[in-house]
Amino acid sequence: MNLKDYRQQIGYVSQEPTLFNTTIRENLKICKPDATDEEMFEALKSTNVYDVIMDMGGLGAMAGAGGSKLSGGEKQRVALARAFIKKPKLLIFDEATSALDKKNEEEV
């Protein structure tokens with residue numbers, strides 16, 4: 001297996017995830033450029049942030065520089081959704097739910 005194929009099978013979410021000053025859609029597509037809206041909605045639902053994103057205006061809503069338009073927990077959940085879209089064989093979390101309340105952490 002070559003290194004690129006190996007890396008494609010790994011997902012990583014840090015305690016302080018990086019979101020870019022672009023749309024939620026573009027932030028989610030970083031890990032899977034050909035992701036469909038349906039895949040993105042599924043990932044957002046699985047991380048319990050779908051309703052927040054829909055209230056912001058959906059996938060076309062801007063995340064803001066560094067995710068500034070989102071709370072810390074929302075930012076982490078979008079980053080988790082980004083990792084889930086890729087469906088990696090190995091997920092590495094570095095306190096990826098540290099900004100979530102107990103209820104959201106349990107649901108994720």
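A residue counts as buried under 20% relative accessible area, as exposed over 50%, and as partly exposed in between. The structure described here is a predicted model. Asn48 has a relative accessibility of 28%, so this residue counts as partly exposed. Asn48 belongs to the loop between α3 and α4 (50-56). Its phi angle is near 60°, which is a positive value in a residue other than glycine.

A second residue of this kind is Lys87, a residue other than glycine whose phi is positive, near 50°. Lys87 is located in the loop between α5 and β2 (90-93). With 60% relative accessibility, Lys87 counts as exposed.

**Helix α3**

Helix α3 covers residues 37-46, and its buried residues are Met40, Ala43 and Leu44. Viewed down the axis of α3, these buried residues fall within an arc of 100°, so they line one face of the helix.

**Aromatic rings**

One aromatic pair is present in the structure. It consists of Phe41 and Tyr50, whose ring centres are 5.7 Å apart and whose planes stand at 85°; the pair is therefore edge-to-face. The cut-off behind this step is that planes over 60 degrees apart count as edge-to-face. Phe41 is partly exposed, at a relative accessible area of 25%, and Tyr50 is partly exposed as well, at 22%. Tyr50 has a further contact: the charged end of Lys45 sits over its ring, 4.8 Å from the centre.

**Salt bridges**

Three salt bridges are found in the whole structure.

| Pair | N to O distance |
|---|---|
| Lys75 and Glu16 | 3.6 Å |
| Arg25 and Asp37 | 3.3 Å |
| Lys32 and Glu39 | 2.5 Å |

In the salt bridge of Lys75 with Glu16, the closest N and O atoms are 3.6 Å apart. Lys75 lies in helix α5 (residues 72-86) and Glu16 in the loop between β1 (10-13) and α2 (24-28), so the pair ties together parts that are 59 residues apart in sequence. Lys75 counts as buried, at 14% relative accessibility, whereas Glu16 counts as exposed, at 60%.

Arg25 and Asp37 form another salt bridge. This pair links distant parts of the chain, with Arg25 in helix α2 and Asp37 in helix α3, 12 residues apart. Arg25 is partly exposed, with a relative accessible area of 26%. Asp37 is also partly exposed, at 35%.

Lys32 and Glu39 meet through their side chains in a salt bridge. Lys32 counts as partly exposed at 22% relative accessibility, and Glu39 counts as partly exposed at 23%.

**A nonpolar surface patch**

Met1, Leu3 and Tyr6 make up a nonpolar patch on the surface, and their accessible area together is about 380 Å². Tyr6 is placed in helix α1 (residues 3-7). Its relative accessibility is 46%, so Tyr6 counts as partly exposed.

Methods: Residues are numbered from 1 along each chain as its sequence is written. This is a predicted model: local features need pLDDT of at least 70, side-chain atom pairs count only at pLDDT 80 or more; totals for chains, interfaces and linings use all residues. Side-chain values use heavy atoms; hydrogens and water are left out. Rings of Phe, Tyr and Trp (its six-membered ring) pair if their centres lie within 6.5 Å; planes under 30 degrees apart count as stacked, over 60 as edge-to-face and the rest as tilted. Buried means under 20% relative accessible area, exposed over 50%, partly exposed in between (1.4 Å probe, protein chains only). A charge sits over a ring if NZ of Lys or CZ of Arg is within 6 Å of the ring centre and within 35 degrees of the ring normal. Patches are made of residues with over 30% relative accessible area and no salt bridge: like charges are joined within 9 Å, nonpolar side chains (Val, Leu, Ile, Met, Phe, Trp, Tyr) within 5 Å. Accessible areas come from the Shrake-Rupley method with a 1.4 Å probe; for residues, only the protein chains shown count as cover. A salt bridge is a side-chain nitrogen of Lys or Arg within 4 Å of a carboxyl oxygen of Asp or Glu. Helices (H or I, at least four residues) and strands (E, at least two) are DSSP runs, numbered from the N terminus. The arc is that of the directions from the helix axis to the C-beta atoms.
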